[in-house]
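Subject: Handing over a structure, with notes

Dear colleague,

I am passing this structure on to you, and my notes on what was found in it follow below. Please read them with the structure open beside you.

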Amino acid sequence: MSLKPYIRSRWFEDIPIGEFHVFGSHTFSELEAIEFGRRYSPEIYHTDPTGAWDTPYRGLVICGWHLTATWMKLMVGYMENFASGVQDGRRNGAGMGVEDLEWYLPVRPGHTITFTYEVTEKPERVVRNRWGIIRSRNEAFNQYGDRVMSFTIDILAERNPAGAG
Amino acid sequence: MPRYWQDIQPGEQFTTALASLSKQDILEFAAEFDPQPYHLDSEAAEASIFGGLCASGWQVSAIMMRLLTDALHQQEIPVIGMSSVPKMRWKKPVFAGDTLSAEITVKGREATARQPGAGSLDLDVRVFNQAQEPVIELATRLMIALGANANVA
């Protein structure tokens, strides 16, 4: 018997409310912060380590959308790791939308951010006759334990054609 | 001349420039942040819910940020950052070759923000593809620098 829960291959019906995961941590480098900033949010406080001292942030900060993209990166890596060996896999994935996305504190190059995920709700709505919605609460913490970001996201999960077991 | 928080009124609208997305752009972002088959592999994408190779929703959000940033810079509005997104909906997939633009409407404002020296603007942002179909819609709170003579009473 495998102890690995095949997370990505589960039906909507088999994902329990209250399930909690720590997706992992990422330490942001100055280089990746600047690259992302140049491309998607060209502000001095994202792109210019010297000029950033003269902004309200008093130094470089990570773009908020770089944080959400990194959440995605760690989620995919975590799920794929648990789903390894599953051929039919991926009964879930596509995101519908986000609510209550908050960036509480600046994140700086060198900071290590840890991302957590908890299933909070399974709304009754059925999408295209095939998909259910998994609502999760997601939080990100820096190396001091301060919460830097949180949001709620709705992600589609395929419903079991045979119905709930 | 810079336009500070106090110079911007609810009801004001901004239209952004255009941003085109190539297959290479989609693959590069997906490889780094969202390596799922429907963002990396045309064949797998055609069999998926999206019906073709499409950009990560988070890339679309990031492109929205670029369009918004450039539009506000053009108006010389000093942006101190985004503090929240109360609601965001991915309405349609964005495919290679799509060209996006956004409409920004100022819905409200508050004289304080998470960062000192800034006020908040509540914005509605809608991003469209070249067929004028909405691909992403969001409500967001942006922080804008207060001018030296801001009346924050």
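Helices here are DSSP runs of H or I with at least four residues, strands are runs of E with at least two, and both are numbered from the N terminus.

Before going further, please keep in mind that this is a predicted model, in which local features need a pLDDT of at least 70 and side-chain atom pairs count only at pLDDT 80 or more, while totals for chains, interfaces and linings use all residues. Residues are numbered from 1 along each chain as its sequence is written, and chains are lettered from A and ligands numbered from 1 in the order in which they are written.

The pLDDT, which is the predictor's confidence in each residue on a scale from 0 to 100, has a mean of 88 in chain A, where 87% of the residues reach 70 or more. Over residues 1-6 of chain A the pLDDT is below 50, and this stretch has five contacts in the model beyond near neighbours in sequence, a contact being two residues whose C-beta atoms, placed from the backbone, lie within 7 Å. Residues 84-89 of chain A also stay under 50, and for them the model has seven contacts beyond four places in sequence.

Chain A comes to three helices and five strands, which run β-α-α-α-β-β-β-β from the N terminus on. Of its 165 residues, 35% are buried, and among the contacts between residues at least 6 apart in sequence, 70% join residues at least 24 apart. In helix α1 of chain A, residues 30-40, the buried residues are A:Ala33, A:Phe36, A:Gly37 and A:Tyr40. Seen down the axis of α1(A), they fall within an arc of 100°, so they line one face of the helix.

Strand β1 of chain A, residues 20-27, holds A:His21, which counts as partly exposed because it has 18 C-beta neighbours inside 10 Å. Leaving aside neighbours within four places in sequence, A:His21 is in contact with A:Tyr78 and A:Tyr117.

Most residues other than glycine have a negative phi. A:Arg128, however, has a positive phi of about 50°, and the phi of A:Asn129 is near 65°. A:Arg128 counts as exposed because it has 7 C-beta neighbours inside 10 Å, and A:Asn129 counts as exposed with 6.

β4(A) is also joined to strand β5 of chain A, residues 147-158, by 11 bridges, and these two strands run antiparallel. Here A:Arg137 stands opposite A:Thr152 in β5(A). The hairpin of β4(A) and β5(A) has five residues between the strands, and in it A:Gly145 takes a positive phi near 90°.

As for how the chains meet, the contact takes 24 residues from chain A and 30 residues from chain B. On the side of chain A that touches chain B, the elements giving two or more residues are α3 (64-82) and β2 (92-103) of chain A, with the largest share, 11 residues, coming from β2(A).

Finally, an unreviewed UniProt entry carries the annotation "domain: MaoC-like" over residues 10-113 of chain B; its positions are given in the numbering used here, feature names are shortened, and annotations may be inferred rather than shown by experiment. The end C-alpha atoms of that span lie 17 Å apart, and the span is 37% helix and 28% strand.

With best wishes

Key
A residue is buried if 20 or more other C-beta atoms lie within 10 Å of its own, exposed if 12 or fewer, and partly exposed in between; C-beta atoms are placed from the backbone. The arc is that of the directions from the helix axis to the C-beta atoms. Two strands pair if DSSP finds at least two bridges between them.
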